[in-house]
Amino acid sequence: MQSVLIVDDEERMVDLISLFLMPHGYKVYKASTGFEAIEKIQTEKVDLVLLDVMMPELDGWATCKEIRSMSDIPIIMLTARDQSNEIVKGLKLGADDYITKPFDEEVLLARIEAITRRIHQVDKNTQVMNGLKWEMDKHRVSYKGKTITMTPIEFNLLGLFMRNPDKVFSREHLIQLIWGFESNTEGRTIDSHIRNLREKCRQSGFQIEEHLITIWGIGYKWKNQTKDQ
């Protein structure tokens with residue numbers, strides 16, 4: 001089930017959109033402020049955000065920018081404004097799409113489905129966690145948009161961990177997966193690559209210790225968790 005976070009300070013609008021989405025199988029989360037939206041993203045599994053622009057305290061632009069600094073979650077901006085410069089502003093801040101109020105239910109659903117299809121096509125090749133992005137097609141690792149240079153072994157190890165959260169890999173299993181069954185590589189070599197991988201992520205500012213966990217006497221595993229602010 002896909003989950004959607006609706007962010008709008010107008011309770012009536014939030015309830016109306018919820019009524020649109022829930023019969024189509026979407027799980028709905030609600031937030032009335034930008035701050036509440038950010039908290040929801042950090043504590044819940046949210047697949048897409050519907051974000052109103054005109055909100056008190058933290059408006060939609062600022063909320064979009066803050067969300068994008070920590071996640072690549074799809075964002076559709078909702079607003080009564082239809083000026084082209086406002087649309088461009090939202091897209092430049094990282095929004096994926098833009099719908100003006102009032103909108104047709106079928107149009108909203110079609111936009112959500114289009115973005116969901118596009119994201120699912122990318123999911124196999126891209127992994128993201130708290131600003132750390134692993135991209136197989138580009139052979140690139142980055143944190144908050146800044147590239148982290150890695151060796152092919154480090155890159156493959158990170159991708160393997162991120163694509164298999166909570167799975168414990170023994171050193172022997174990692175050697176088989178990365179080097180092949182006929183490899184004479186020793187477990188200490190794995191430890192060395194893991195150490196270098198951690199150090200590069202740490203230098204970039206990513207809190208790797210919270211995710212790449214050592215299972216003493218066995219091996220390693222990747223833990224998905226959102227960061228505290």
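Predicted model: local features only at pLDDT ≥ 70, side-chain atom pairs only at ≥ 80, totals over all residues.
A search of the whole structure identifies four aromatic pairs. A pair of aromatic rings is described by the distance of the centres and the angle of the planes. For Tyr143 and Phe206, the ring centres are separated by 5.6 Å and the planes meet at 65 degrees; the pair is therefore edge-to-face, given that angles over 60 degrees fall into that class. Tyr143 belongs to strand 8 (residues 140-143), whereas Phe206 is located in the loop between helix 8 (187-204) and strand 11 (212-215), so the pair ties together parts that are 63 residues apart in sequence. Tyr143 is buried, its relative accessible area being 10%, and Phe206 is likewise buried, with a value of 3%; the cut-off for this class is under 20%. Through ring pairs, Tyr143 and Phe206 are joined with Trp222 in a cluster.

The rings of Phe161 and Phe169 form another edge-to-face pair, because their planes lie at 75 degrees, with the centres 5.9 Å apart. Both of these phenylalanines, Phe161 and Phe169, are buried.

Phe161 is also one of the buried residues of helix 6, which comprises residues 152-163. At 1.5 Å a residue, the 12 residues of this helix should span 16 Å, and the separation of its end C-alpha atoms, 16 Å, agrees with that expectation. Nine of the 12 residues of helix 6 are buried, so the helix is largely enclosed by the rest of the structure. The buried set consists of Ile153, Glu154, Phe155, Leu157, Leu158, Gly159, Leu160, Phe161 and Met162.

Turning to the strands, strand 6 (residues 126-129) and strand 7 (residues 132-135) are paired in the antiparallel sense through four bridges. Within this pairing, Glu135 of strand 7 is the residue opposite Thr126. Two residues separate the strands of the hairpin, and Asn130 adopts a positive phi near 50 degrees there.

A further residue considered is Thr79, which is part of strand 4 (residues 75-79). Thr79 has a relative accessibility of 1% and therefore counts as buried. When residues up to four places away in sequence are not counted, the contacts of Thr79 are with Asp52, Val53, Tyr98, Ile99, Thr100 and Lys101.

Terms used: Residues numbered from 1 in each chain as written. Heavy atoms only, no water. Pairing = 2+ DSSP bridges. Phe/Tyr/Trp six-rings, centres within 6.5 Å; stacked < 30°, edge-to-face > 60°. Buried < 20%, exposed > 50% of the residue type's maximum accessible area, 1.4 Å probe, protein only. Expected span 1.5 Å × (residues − 1). Contact = heavy atoms within 4.5 Å.
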